[in-house]
Amino acid sequence: MRWTVRSVALASAVGALAGATPANAAEEQHYALQTAEDLGVLCAATSDSAAIHMCHGYLIGVNHMHRAIVDAVGASVYCVPDGVTVTRDSAAADYATWISENTEAAGLSPREGLLRWASIAFPCE
């Protein structure tokens, strides 16, 4: 094959795109979970299994903590209505969308951001 300026440019562009990282891709600093935004980035992942598992684990852990507090003192931050099923995937996607739209909450701790979202998504009556 004869390499021309055009073929070299095309090969370079394809190579750059193949190694490109999406703008919302999880990076190493997001796994430290310093902010609610970090959790949102992990929860927005659709093909990064490590990010997905980290997000799901965090969501489950906060939910277990919440249930333990409810059992101990009866105070609830959020209340999922009877008959409503919330999956890990739906909670992750909904939280990721909420945090991206509510930038004032991005600097909160991941726990506080998640509980704020849950209290808005599933208010107690």
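Start with the rings: Tyr95, Trp98, Trp117 and Phe122 form one aromatic cluster. Rings of Phe, Tyr and Trp (its six-membered ring) pair if their centres lie within 6.5 Å, with planes under 30 degrees apart counted as stacked, over 60 as edge-to-face and the rest as tilted. This is a predicted model, where local features need pLDDT of at least 70 and side-chain atom pairs count only at pLDDT 80 or more, while totals for chains, interfaces and linings use all residues. Residues are numbered from 1 along each chain as its sequence is written, and side-chain values use heavy atoms, leaving out hydrogens and water.

A search of the whole structure turns up three aromatic pairs. In one of them, Tyr95 and Trp117 have ring centres 6.1 Å apart and planes at 80°, so the pair is edge-to-face. It ties together distant parts of the chain, with Tyr95 in helix α4 and Trp117 in helix α5, 22 residues apart (helices are DSSP runs of H or I, at least four residues, numbered from the N terminus). Trp117 also meets Phe122: centres 5.9 Å apart and planes at 85°, so that pair is edge-to-face too.

Trp117 is buried, at 8% relative accessible area (buried means under 20%, exposed over 50%, partly exposed in between, with a 1.4 Å probe and protein chains only). Elsewhere in α5, the buried residues include Pro110, Leu114 and Leu115.

Those three turn up again where α3 meets α5. The helices pack at about 75° with axes 11 Å apart (axes are lines fitted to C-alpha atoms over the stretch in contact, and angles run from 0 to 180 degrees between N-to-C directions).

Methods. Helices (H or I, at least four residues) and strands (E, at least two) are DSSP runs, numbered from the N terminus.
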